[in-house]
Amino acid sequence: MRKVLENCSLSDEERMDALESQLKETRFLAEEADRKYDEVARNLAVVQDDLEHAETGQSKIVELEEELRVVGNNLKSLEVSEEKISAGQREA
């Protein structure tokens, strides 16, 4: 009976050692996954910030293009007015 109990005890100890080893490996993997998650979260924040700046820049470009169109139209109007004045002066 003692031999049977010793064998069971030895078997249980081997099993505990294997489980402890698996636990260490699992903890290591979990810590590694946490580090990778933190890195990805930081990278995501940077990308989101870059995207926000790009969107702001894009809207600024649209505003400047519209302003450029207005200035161009004003310039054309001034040129037409100048041509009319020059034509009027030539006639006079």
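Arg-2 and Glu-6 sit four residues apart in helix H1, so about one helical turn separates them (helices are DSSP runs of H or I with at least four residues, strands are E runs of at least two, and both are numbered from the N terminus). The model is a predicted one, with local features needing pLDDT of at least 70 and side-chain atom pairs counting only at pLDDT 80 or more, while totals for chains, interfaces and linings use all residues. Residues are numbered from 1 along each chain as its sequence is written, and side-chain values use heavy atoms, leaving out hydrogens and water.

The side chains of Arg-2 and Glu-6 join up in a salt bridge, at 3.1 Å from N to O (a side-chain nitrogen of Lys or Arg within 4 Å of a carboxyl oxygen of Asp or Glu). Arg-2 is exposed, at 65% relative accessible area, while Glu-6 is partly exposed at 40% (buried is under 20%, exposed over 50%, partly exposed in between, with a 1.4 Å probe and protein chains only).

Altogether, the structure has three salt bridges. Arg-35 and Glu-32 form one of them, at 2.5 Å from N to O; three residues apart in helix H1, they have about one helical turn between them. Arg-35 is partly exposed, with 44% relative accessible area, and so is Glu-32, with 26%.

Further along come Arg-69 and Glu-66, whose side chains meet in a salt bridge at 2.4 Å, N to O. Arg-69 is partly exposed at 47% relative accessible area, and Glu-66 is partly exposed at 41%.
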